[in-house]
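Please keep the sequence and the model in view while reading the points below.

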Amino acid sequence: MKKFLYISGILSLFALMSFMTVDFFSSMTKVDYIDGSKTLKFTTKMNTSHISDAIKINRSTAGFEAEVKKYVNNNFDVYVNNSSKTLTFTGSQVSGETVWVYFETDGVSDIGSLKIKNTILLSAFPKQINLVNIAYKGNQKTMNFQRGKEVNEVTF
């Protein structure tokens, strides 16, 4: 009987643990090179409540998009061939639990190296992971950012 109660208790504990929610903190950025316009286009996907918590503004507030723009500009830097590039915010979109942020940099004729500093949500969430996928002239590269590894560089 004791053995039965012990096994039942363990199984009950596992069943209860399966209902626990675990927050996963991540962002994903896609970088596409547009050869005709010599432009790098960035599309970043973030969790709406996470970015809202980080900038301390509710997503339904009128100034939400402006704060997201400022936040991304302060937490994402791009260097092409060791030259700093200015990012131009082109828009954002809230779609349920996802915020899409669009920005770009132009005047990129050729990429030998691409260095990115990505600190999006790293200060707000210690376990945050930011992924950046880069498509350049048929080549695909992936960068991974987290606390302690905020800068990454790839060569083509």
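Buried residues account for 34% of the 156 residues in the protein chain of this predicted model. The accessible surface of the protein chain amounts to about 9,300 Å², and carbon and sulfur atoms contribute 54% of that surface. The chain contains three helices and ten strands.

**Overall arrangement**

- Read from the N terminus, the elements of the protein chain follow the order α-β-β-α-α-β-β-β-β-β-β-β-β.
- Of the contacts in the protein chain between residues at least 6 apart in sequence, 60% link residues that are at least 24 apart.

**Helix α3**

- Helix α3 covers residues 64-75 and consists of twelve residues.
- From its first C-alpha to its last, α3 reaches 16 Å, which is close to the 16 Å expected at 1.5 Å a residue.
- Which residues of α3 are buried? They are Phe64, Val68, Tyr71, Val72 and Asn75.
- Viewed down the axis of α3, these buried residues fall within an arc of 95°, so they line one face of the helix.
- As a general rule, an α-helix has 3.6 residues a turn, so residues three or four places apart point the same way.
- The buried residues of α3 pack against several elements, including the helix α2 (48-55) and the strands β2 (39-47), β5 (88-95) and β6 (98-105). They also pack against β3 (76-80) and β7 (113-118).

- Strands β2 and β6 are paired in the antiparallel sense, with eight bridges.
- Lys45 is placed opposite Trp100 of β6.
- Strands β5 and β6 also run antiparallel and are joined by seven bridges.
- Ser92 has Val101 in β6 as its bridge partner.
- The hairpin of β5 and β6 has two residues between the strands. In this hairpin, Gly96 adopts a positive phi near 65°.

**The four-stranded open sheet**

- In general, strands of a sheet pair through backbone hydrogen bonds, either parallel or antiparallel.
- Here, an open sheet is formed by four strands in the order β4-β3-β7-β10, with antiparallel pairing.
- The edge strands are β4 (83-85) and β10 (151-155), each of which pairs on one side only.
- On average, and with direction ignored, neighbouring strands of this sheet are turned by 25° against each other.
- Within the sheet, β3 and β7 pair in the antiparallel sense over five bridges, and Val78 has Ile116 in β7 as its bridge partner.
- Helix α3 packs on this sheet and touches β3 and β7. The direction of α3 makes about 45° with that of β3.

- Glu153 and Lys115 are 38 residues apart along the chain, yet their C-alpha atoms are separated by 4.1 Å.
- With its neighbours within four places in sequence left aside, Glu153 is in contact with Asn82, Ser113, Leu114, Lys115 and Met143.

Key: Residues are numbered from 1 along each chain as its sequence is written. This is a predicted model: local features need pLDDT of at least 70, side-chain atom pairs count only at pLDDT 80 or more; totals for chains, interfaces and linings use all residues. Side-chain values use heavy atoms; hydrogens and water are left out. The expected span of a helix is 1.5 Å times one less than its number of residues. Buried means under 20% relative accessible area, exposed over 50%, partly exposed in between (1.4 Å probe, protein chains only). The arc is that of the directions from the helix axis to the C-beta atoms. Contact means heavy atoms within 4.5 Å. Accessible areas come from the Shrake-Rupley method with a 1.4 Å probe; for residues, only the protein chains shown count as cover. Two strands pair if DSSP finds at least two bridges between them. Axes are lines fitted to C-alpha atoms, for helices over the stretch in contact, and angles run from 0 to 180 degrees between N-to-C directions.
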